[in-house]
Amino acid sequence: MNSPVRTVTVQPVKVSLPAAMMAVLRRDLQVSFRQRQDLFNPLLFFVIVVTLFPLGVSPEVSFLQLAGAGVLWVSALLATLLSLDSLFRHDFDDGTLEQLVLQPQPLYMLVLAKVAAHWLVTGLPLILLSPLLGVMVHLDGNSIAILCLTLLVGTPVLSLVGAIGAALTLGLRSGGVLLSLLIIPLYIPVLIFGTGTVAAAADGGSVSGHMALMGAMLVLAVTLAPLAAAASLRISLSNT
Amino acid sequence: MPGKWQWFHKLGSPRWFYGIADRFNPLLLGSALLLLVAGIVWGLAFAPPDYLQGNSYRIIFIHVPTAFVAQSVYIMMAVAGAVTLIWRMKLADVFVRSVAPIGAAFTFLALFTGAVWGKPTWGAYWVWDARLTSMLILLFLYFGIIALGSAISDEKSSARAVAVLALVGVVNIPIIKYSVNWWNTLHQPATFKWTERPAMQMDMWLPLLLSVLGLYLFFTWLAFVRMQTEILHRERRTQWVRQLIQQRKG
C-alpha cells in the first residue's frame, strides 16, 4: 500500500535583526544565570587579587591611595580575562556557534549581542563591586566616582577586544594561557587611560578630555572588534 | 596571457619563489654585508664622538637599524596577513611565519642595545620611557603571533588566524604608541627629550644610513632563506622538492 505522498513546505521564519540580537542576548543571560557559580567566580577573583596588593606590597594608606585605582583596574582586567575563555566555548562545544554562524543575520551583530551579554554578567558586576573595594584601598569619594566612570566606559572595551582573542583561541588545547598572551598587550591603552583619568582627577584636573579619549576607544572597539571576532569565529569553526 | 599582473599571480607559486630567492640570495647577502661592514666600521671607528655623550652614543649604529627593522617588520606582516585573507596566497603566510621570529629577535636586540646605551647615559639599564615601553609591547605582540601560529595545527586556519591577529595588532600599534607616550608625559615629565638633541652631523648620519640600509638587506636575505626552508618543509611531498633533493644529493 502506498502511503500518500505529502509535500511539506517549510516556511522560513523571518526574524528581524533586533529580534535575533535580543534572542541571543536573552539566551546568553539565561544560560549564565543558570550556572550561577560561573558568575561569581570572576568577581571573587577580582576581590582576591585586590586583597593581594596590600598584603604583598604595603598596607600603608599613602601607598594604597596612590596605587588603589591602578590595583583595581589591573584586577578588573585580569578578572575579565579569566571570564573570556567561556565566552564562546560552551556554544562551540555544543554546536550552537555553528548555528549562529549559519543565521541569515550578520554574524557581526550576533557577536555584538553575545559580547553585550558577557559584559552584563562580568563587567557590570565588577563596576558595582568596585566602590566597596575603593573604600578598602582608601580612595576618596571623588576618585571612586571617577574610577567607576572609567570602568563603565573601559570594561566594554575589554570584553570587545577580548572577544577577538577568545574567538581566535577557540578549540585550542592551551587556549586560556594563549588568550592572555594575545590580549593583554592590546589592553594596555585602556589600562593607561583608565588609571590616568583617576590620577588626573586626584590632581584636581579636568577629566573630560580623558573620558573623551576612552569613549573614542569604546567607539572604535564597538565598530571593529566584532568584525575581527566574527572573522576569527569562522576560522576557528572551519578548523574542526 | 602575460599581463602586467603576471608577477602577482606567480607569487602564488612557492616553487617559483624558491627559484627567484635562490638567484637573489647571494646578491642580497653580499650587498648587505658590504653596507653593514662599511656603515658599522665607519660609525664605530671614524665618525666623530658626540659632544655630550662621548663614545657611548656609537651604539646607535646598531641600535637604530635594529629598531627600524623591528618596527617595520610588523607592518609588513600585517600587509602579508591582509594578502593571506583576501587572496589566500600561500606565500604571504610563509612570509608571516618566517619573519615573525626575525622581528622578535630584532626587537629584542633593539631593547638590549638600548639598555646597554642607557646605563652610561641615563644611569639605569631600564627606564620606563615611552619608546622603551612601546618596544617592549611590540615584543609581546610578536610573541603572541608566534604562539598563536604554533598552537593551531591545521595549516590553513593557522594562516588565517595569524593574519587576523597581525591586522588587529597593527590597528592597535598607533593606539598603544600614543597612549604610552601620553602615560609617560603624565608620570615623568620631560626627563629625556629625544627631540631636543642637536641635529646630526653628516659624518654621523651617513654611516647610520648605510647600516640601516644594510640591515634591511640583511633582513631580506634572512627572510628569503627562512621562507625557502618553510617552503621546502610545506611542499616536501611534491615532485619538484623531491627532484631538488635528488639533484643536491647526486
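**Entry 1: Pro106(A)**

I looked up Pro106(A) and placed it in the loop between helix H5 (96-102) and helix H6 (107-136) of chain A. The model I am reading is a predicted one. Is Pro106(A) buried, exposed or partly exposed? Its relative accessibility is 41%, so I recorded Pro106(A) as partly exposed. I also took the separation of the C-alpha atoms of Pro106(A) and Leu158(A): these residues stand 52 residues apart along the chain, and the atoms are separated by 22 Å.

**Entry 2: Lys114(A) and Asp28(A)**

I then turned to charged pairs and found 10 salt bridges over all chains. In one of them the side chains of Lys114(A) and Asp28(A) meet, at 2.8 Å from N to O. This pair links distant parts of the chain, with Lys114(A) in helix H6 and Asp28(A) in helix H1 (residues 17-34) of chain A, 86 residues apart. I noted that both residues are buried.

**Entry 3: Asp93(B) and its partners**

Which residues of chain B are linked with Asp93(B) in a network of salt bridges? I listed Arg97(B), Glu155(B), Glu230(B) and Arg234(B). Arg97(B) pairs with Asp93(B) at 3.5 Å between the closest N and O atoms. Both lie in helix H4 (residues 90-122) of chain B, four residues apart, about one turn of the helix. Asp93(B) has a relative accessible area of 3% and therefore counts as buried, the cut-off being under 20%. The side chains of Asp93(B) and Arg234(B) also meet in a salt bridge, at 2.9 Å from N to O. That pair links distant parts of the chain, since Asp93(B) is in helix H4 and Arg234(B) in helix H7 (residues 202-234) of chain B, 141 residues apart.

**Entry 4: Nonpolar cores**

The largest nonpolar core holds 133 residues, of which Phe88(A), Met77(B) and Leu148(B) touch the most other members. Helix H7 (residues 141-168) of chain A gives the most to this core, 15 residues. I checked the contacts of Phe88(A) beyond four places in sequence; among them are Leu97(A), Val111(A), Lys114(A) and Leu233(A). Another core, of six residues, lies apart and includes Ala47(B), Ile60(B), Met204(B) and Leu208(B).

**Entry 5: The contact of chains A and B**

I recorded 26 residues from chain B and 24 residues from chain A in the contact. The two chains bury about 2,200 Å² between them, 85% of it on carbon and sulfur atoms. Across this interface I found zero salt bridges. On the side of chain B that touches chain A, helix H5 (130-151) and helix H6 (155-187) of chain B each give two or more residues. H6(B) supplies the largest share, 16 residues. By class, this side has 20 nonpolar, four polar and two charged residues.

Note on methods:
Residues are numbered from 1 along each chain as its sequence is written. Chains are lettered from A and ligands numbered from 1 in the order in which they are written. This is a predicted model: local features need pLDDT of at least 70, side-chain atom pairs count only at pLDDT 80 or more; totals for chains, interfaces and linings use all residues. Side-chain values use heavy atoms; hydrogens and water are left out. Contact means heavy atoms within 4.5 Å. Buried area is the accessible area (1.4 Å probe) that two parts lose on being put together, summed over both. A salt bridge is a side-chain nitrogen of Lys or Arg within 4 Å of a carboxyl oxygen of Asp or Glu. Ala, Val, Leu, Ile, Met, Phe, Trp, Tyr, Cys and Pro count as nonpolar, Asp, Glu, Lys and Arg as charged, and the others, Gly among them, as polar. A nonpolar core is a set of buried Ala, Val, Leu, Ile, Met, Phe, Trp, Tyr and Cys residues joined through side-chain atoms within 4.5 Å. Buried means under 20% relative accessible area, exposed over 50%, partly exposed in between (1.4 Å probe, protein chains only).
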